[in-house]
Amino acid sequence: MNQSYIGPLRKARGWTQERLAQESGVATRTIQRLEAGKDAGVETLSMIANALGVPVGDLFAKVEDEEFQATVDGLDARRSAQQERRDATTRSFSFLYQGMGILVTFATIALVFTDALPWLGWLIIPAYWAGGRYLLSFLWQLAIDPRLDLKYPLSRPSPDPAGMRRKGF
């Protein structure tokens with residue numbers, strides 16, 4: 001393997017090997033092997049670079065093999081493209097949630113003012129914005145985000161479109 005900067009990059013963040021393993025989704029033993037100069041697959045290197053927030057090429061002091069350098073460069077491009085697509089998907093869900101909310105709000109106002117809905121109709125608006133937010137966040141964490149992980153394995157999760165925190169409420 002080419003000389004690695006994984007250890008210094010990890011230490012610069014104040015992370016232990018266990019923390020880097022947790023953040024990257026790679027086993028602690030793999031981190032230990034990489035820091036000892038052993039080889040790893042490009043997908044593993046991409047996961048580690050993603051966790052450290054650097055391009056894969058920055059994990060190495062120098063890359064001696066031109067073919068490996070081309071693979072690393074291509075991996076960074078793939079990771080960037082996947083992240084852009086994942087972020088676009090997240091933004092689309094956010095626009096859908098907000099657009100539906102605006103539609104529900106205006107429809108409720110119109111129906112209440114035309115007496116088609118009783119005054120209790122006013123409860124629909126906060127119910128949508130509060131309940132919809134929790135429902136979308138629940139669905140995001142349970143179903144949508146895991147599917148995006150499978151579809152875009154080199155990307156990092158985007159914040160859920162309902163604006164909830166990623167690891168709980």
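For this entry I take contact to mean heavy atoms within 4.5 Å, and I keep in mind that the model is predicted.

With that cut-off I looked up V56, and, leaving out residues up to four places away in sequence, I found that V56 touches L45, S46, A49, V72, L75, D76 and R79.

I then turned to the largest nonpolar core, which has 21 residues, and noted that V56 is one of those that touch the most other members, together with L20, L45, I48, L52 and L59. Two or more residues of this core are given by each of α1, α2, α3, α4 and α5 (66–113), and the largest share, five residues, comes from α4.

Next I went through helix α2 (residues 17–24), where the buried residues are Q17, L20, A21 and S24. These lie on the same side of α2, because they cover an arc of only 100 degrees around the axis. I reminded myself that an α-helix has 3.6 residues a turn, so residues three or four places apart point the same way. I also checked what the buried residues of α2 pack against, and found α1 (6–12), α3 (28–35) and α4 (42–52). Just after α2, I noted that G25 takes a positive phi of about 80 degrees.

Last, I looked up T105, which is placed in helix α5. Apart from neighbours within four places in sequence, T105 is in contact with I125 and W129. I also noted that T105 and P126, 21 residues apart in sequence, are 8.9 Å apart from C-alpha to C-alpha.

Note on methods:
Residues are numbered from 1 along each chain as its sequence is written. This is a predicted model: local features need pLDDT of at least 70, side-chain atom pairs count only at pLDDT 80 or more; totals for chains, interfaces and linings use all residues. Side-chain values use heavy atoms; hydrogens and water are left out. Buried means under 20% relative accessible area, exposed over 50%, partly exposed in between (1.4 Å probe, protein chains only). Helices (H or I, at least four residues) and strands (E, at least two) are DSSP runs, numbered from the N terminus. The arc is that of the directions from the helix axis to the C-beta atoms. A nonpolar core is a set of buried Ala, Val, Leu, Ile, Met, Phe, Trp, Tyr and Cys residues joined through side-chain atoms within 4.5 Å.
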